[in-house]
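Here is a short report on one structure. Look at the sequence and the model first, then read on.

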Amino acid sequence: MKLLHIKKNFDLTTVIYIILIFGVVGLGVYLFISKHQKNNDATPGYQIVLPQPSFESTVSVEEALKNRRSVREYKDQPISMHELSQILWAAQGITSDEGFRTAPSAGGLYPLELYVVSQNVAGLERSIYKFHTKSHSLDKIINTNKIEQIVSAANNQEFIGQAPVVIIITGVLKRTTQKYNEIGERYVYIEAGHVAQNIYLQTYTLGLDTVTIGGFDTEKIQSLLNLPEGEEPIYIIPIGK
């Protein structure tokens, strides 16, 4: 009986030690992976539902077309979440039950993605977000906005850093080329142009200004946004008053 009692105690102690060892090893593995992740400053699942966009305006399409201009100087004033929401809807908002959007897309394949670099948006942290069209929401992907590095990658065009918000349009070429082969690349860039013009017109109706920028180091922007292979930046679009 005494030997049996000792064995039971030994088994319980062994189990406790094994649990502690696995716990320590597991924690070490977790910390190692976290430290070496490519996007180690991301906060997965931190999603923000944007305000509902408006579908009416006191500014006509004709007026917006006539007065739209490229502006490279911005006041140190914030824009609102509603303004940001409206601009993102104009760029890639859903406009039908079938899922069609504000900008035309070859074959309805929608290869474009939108990233929001928040610099001075009321109620939004200075971080980088990805726009999700279906839920009309932002997913926080990087805890800092990396604005200095973005300016540097865009040939030191300093006015980008003045803008309260910067939208970066990227394209996943494979979504279109898998149907249209090489000519599909052209369709992606054409679609980006449609989206950029929508942003121009919508910003004017909101009393804001913008400019489209195509001069930047592609690889640097890809790295800053932690873009997956096959997704490339097409436009950098600062927006402000």
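## Terms and model

Helices (H or I, at least four residues) and strands (E, at least two) are DSSP runs, numbered from the N terminus.

This is a predicted model: local features need pLDDT of at least 70, side-chain atom pairs count only at pLDDT 80 or more, and totals for chains, interfaces and linings use all residues. Residues are numbered from 1 along each chain as its sequence is written, and side-chain values use heavy atoms, with hydrogens and water left out.

## The sheet

Two strands pair if DSSP finds at least two bridges between them.

Strand 2 is joined to strand 5 by seven bridges and to strand 3 by three. Both pairs run antiparallel. Valine 117 stands opposite isoleucine 128 in strand 3 and opposite valine 166 in strand 5. Serine 118 faces valine 165, also in strand 5.

## Strand 2, covered on both faces

Buried means under 20% relative accessible area, exposed over 50%, and partly exposed in between (1.4 Å probe, protein chains only). Seven of the seven residues of strand 2 are buried, so the rest of the structure largely encloses it. In a regular strand, side chains alternate between the two faces of the sheet. Leu112, Leu114, Val116 and Ser118 lie on one side of strand 2, with Glu113, Tyr115 and Val117 on the other.

## Nonpolar cores

A nonpolar core is a set of buried Ala, Val, Leu, Ile, Met, Phe, Trp, Tyr and Cys residues joined through side-chain atoms within 4.5 Å. The largest has 30 residues. Leu84, Leu88, Leu138, Ile167, Ile169 and Ile199 have the most contacts inside it. Elements supplying at least two residues each include helix 3 (81-92), strand 2 (112-118) and helix 7 (183-205). Another core, of 25 residues, lies apart from this one and includes Ile128 and Val151.
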